[in-house]
Amino acid sequence: MRYNFDKFDFVGKSKYFYMFSIAITVLGILVLAIGGLNYGVDFRAGSSMDIAVSENLQPRQDEIRALIDKEELGRYNLTVGTDRVTIRFDDILTDKEENKLKTDFAAAFDPTASAEVNTVDVQIAREIQTKAMLAVLIASLGIIVYVSIRFEWRFALASIVALLHDAFIVISVFSILQLEVNIPFVVAILTIIGYSINDTIVIFDRIRENLRFAKIKGKADLVRLVNESVSQTMTRSINTVVTVLFAALSVFVFGGESIRLFSLAMVIGLVAGAYSSIFIASPLWLLMKSKEKPKTPAAKSQSAV
């Protein structure tokens, strides 16, 4: 499908997207500072019991809570889906406590229920957090090196700001809504980074090509060049993000509980990546490029009289 954006002022409209992103980022930082992220069992010590059930137990949540409270297993978070019950305990359960809870739950609610328990100790949780942050850092450094070599440092800096923006938008939304952060969430963040840089590079490549043949005399010429470059790639950008977005939304709607938050992170990241490539990365490059000092022309040699 072909869209016409020839007369749209992408650079001029970017300030509204900057304000929106700053507002979400500031709110996310405040929530992170106050309450932090809602880490799942992958990132903090404790036990998580995932129980598959044959009937919808959502109307009986109070009964399930009463049963768990009776077991006296410490603090916990309960999530009841249509076909699954997830209980996240802050303490590590012993084998005796696990077996007793499984038996009591089956006797009270569903004799055919099957339960799976995942346990993480403190050291493993810290190691996973460190490796997750290291993975994001290595990915970012690799992108900086590649884009700097392939293009220039301004493109590299703008692309890193855009992809870190996309990642932090997802983190901010998850912190504000207190959604669970686990290993699939980290996979989603790394996937979003890869998708975001791909979309940004397409636009930057068009800017670079147009820059080769453009006669730039001032900032107005740069603004026109960026608007034209983004307009020329908008059809591809929209068609690509809509196609991937449909797939992510389908997984979110029809997928199981274990992959639903992963697909939600992908949906948020895809939307953020689509507009950051257009309204954040490109205007940021323009801002840095417009501050570049003009090259001094070589002095012409005077011929002898």
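The lining of the second largest pocket draws at least two residues from each of helix 4 (122–150), helix 5 and helix 6, with helices being DSSP runs of H or I of at least four residues, numbered from the N terminus. Helix 4 gives the most, with five residues. A pocket here is an open set of points on a 1 Å grid over the protein atoms alone, where a 1.4 Å probe fits, with protein on both sides within 12 Å along at least five of seven lines; lining residues have an atom within 4 Å of a point. The space amounts to about 400 Å³, and among the 16 lining residues, L37, M133, V136, I171 and F185 are the closest to the centre. The lining comprises 14 nonpolar, two polar and no charged residues (nonpolar: Ala, Val, Leu, Ile, Met, Phe, Trp, Tyr, Cys and Pro; charged: Asp, Glu, Lys and Arg; polar: the others, Gly among them).

This is a predicted model, in which local features need pLDDT of at least 70 and side-chain atom pairs pLDDT 80 or more, while totals for chains, interfaces and linings use all residues. Residues are numbered from 1 along each chain as its sequence is written, and side-chain values use heavy atoms, without hydrogens and water.

Terms used
Grid points are joined across faces, edges and corners, and a volume is the space filled by probe spheres set on the points.
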